[in-house]
Amino acid sequence: MQGGLPLQGRVALVTGSSSGIGAAIAVELGRQGADVCVNYHSEKDQAEEIASQIRATGRRAIVVGGDVATSSDVQAMVDATVQQLGGLDILVNNAGIEHSAPFLEFTERQWDLDIGVNLKGVFLCSQAAARQMVQQGRGGRIINISSVHEDLPFPGYTAYVATKGGVRMLTRNLALELAPHRINVVGVAPGAIATPINQATLEDPEKIAALNRQIPLGRIGTGDDVAQVAAFLASDAASYITATTVFVDGGLMHQALPL
């Protein structure tokens, strides 16, 4: 740590950070001293707004578009981060999508899209970032935003749960391979979080009440709940944490099921 802030002097790349959990993480990393590359796929204006919020904390921020499932785009966003911000110390693999359909009706196209962004994207971004971190020789952090559904089944979301289960094991395997380079790899698994992807639920009082009843702490989480954990894991205070998943779910993973 330099200059009093936990992440002072660090450079972070957060994928899919134009909205939702990714946006909250990008802003929190800035608050804690990091310069941040805000990656977006289609929401450039929103990404620019997030970058403005980061700059308001006194940190540098750039905005780079790109598809995490396309290797050339991934390399371009890593290169832009290094060239414009001076290096890369923290990667947060946040970009994700989900499609819902009964298993018997789930399409190959839906499967390929979910696998491409949620699993292949984590592989491509982690590899490009880790190569840069190894070249720099000062270690680094890779934080993979997973889900409680890396463990919990979620009927109707077959591809989504398959990707999150894959991210769980990818996190553990990369952590072991990259440990000699002082690169920590950790998963963060949110539970029910209030984000734009859950807008329909958030606008339905009955659904919110039902969801809150399933969560032992009695409330839906916020993007900041996840962002603060991610920022901690990116800091020196978490230097002995790797090859595991931290659940940010209000106890949802261990709820008491009604008899």
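This is a predicted model: local features need pLDDT of at least 70, side-chain atom pairs count only at pLDDT 80 or more; totals for chains, interfaces and linings use all residues.

**Entry 1: Leu119**

I started with Leu119, which sits in helix α4. Which residues does Leu119 contact, once neighbours within four places in sequence are left aside? I get Asp114, Thr163, Gly166, Val167 and Leu170. Buried or partly exposed? Leu119 has a relative accessible area of 23%, so I put it down as partly exposed, since buried would need under 20%. I also checked Leu119 against Asn93: they are 26 residues apart along the chain, and their C-alpha atoms are separated by 9.8 Å.

**Entry 2: α4 with α5**

For any two packed helices I want the angle between the axes and the distance between the axes. The axes of α4 and α5 come within 8 Å and cross at roughly 15°. That makes the two helices roughly parallel, α4 to α5. The crossing of α4 past α5 is right-handed.

Sorted by class, the contact of α4 with α5 has 13 nonpolar, five polar and one charged residues.

**Entry 3: α3 with α4**

Next I looked at α4 (108-136) against helix α3 (71-85). Their axes come within 9 Å and cross at roughly 35°, and α3 passes α4 in a right-handed crossing. α3 brings Ser71, Val74, Gln75, Val78 and Val82 to the contact, while α4 brings Leu124, Cys125, Ala128, Ala129 and Gln132. How many charged residues are in the contact of α3 with α4? I count no charged residues there, with seven nonpolar and three polar.

I zoomed in on Val92. Leaving aside neighbours within four places in sequence, Val92 is in contact with Leu13, Val14, Thr15, Ile25, Leu29, Ile143 and Ile145.

**Entry 4: α1 with α8**

How do α1 and α8 cross? Their axes come within 8 Å, at roughly 50°. That makes α1 oblique to α8. α1 passes α8 in a right-handed crossing. Ile21, Ala24, Ile25, Glu28 and Leu29 are the α1 residues here, and their α8 partners include Gly223, Asp224, Val226, Ala227 and Ala230. By class, the contact of α1 with α8 splits into nine nonpolar, two polar and two charged.

**Entry 5: the loop between α7 and α8**

I picked two residues from this loop, Ile215 and Arg219. Ile215 is buried at a relative accessible area of 3%, whereas Arg219 counts as partly exposed at 43%. Not counting residues up to four places away in sequence, Arg219 touches Asn212 and Asp225. With neighbours within four places left aside, Ile215 contacts Ala192, Ile220, Asp249, Gly250 and Leu252.

I ran two C-alpha distances as well. Arg219 and Ala194, 25 residues apart along the chain, are separated by 10.0 Å. Ile215 and Cys37, 178 residues apart along the chain, are separated by 33 Å.

**Entry 6: positive phi**

Arg182, in the loop between α5 and β6, has a phi near 60°, a positive value in a residue other than glycine. Ala243 also isn't a glycine and has a positive phi of about 60°. Ala243 lies in the loop between α8 and β7 (244-248) and counts as partly exposed, at 25% relative accessibility.

Terms used
Residues are numbered from 1 along each chain as its sequence is written. Side-chain values use heavy atoms; hydrogens and water are left out. Contact means heavy atoms within 4.5 Å. Axes are lines fitted to C-alpha atoms, for helices over the stretch in contact, and angles run from 0 to 180 degrees between N-to-C directions. Helices (H or I, at least four residues) and strands (E, at least two) are DSSP runs, numbered from the N terminus. Angles under 35 degrees count as roughly parallel, over 145 as roughly antiparallel, 65 to 115 as roughly perpendicular and the rest as oblique. A crossing is left-handed if the near helix is turned anticlockwise from the far one by less than a right angle, and right-handed if clockwise. Ala, Val, Leu, Ile, Met, Phe, Trp, Tyr, Cys and Pro count as nonpolar, Asp, Glu, Lys and Arg as charged, and the others, Gly among them, as polar. Buried means under 20% relative accessible area, exposed over 50%, partly exposed in between (1.4 Å probe, protein chains only).
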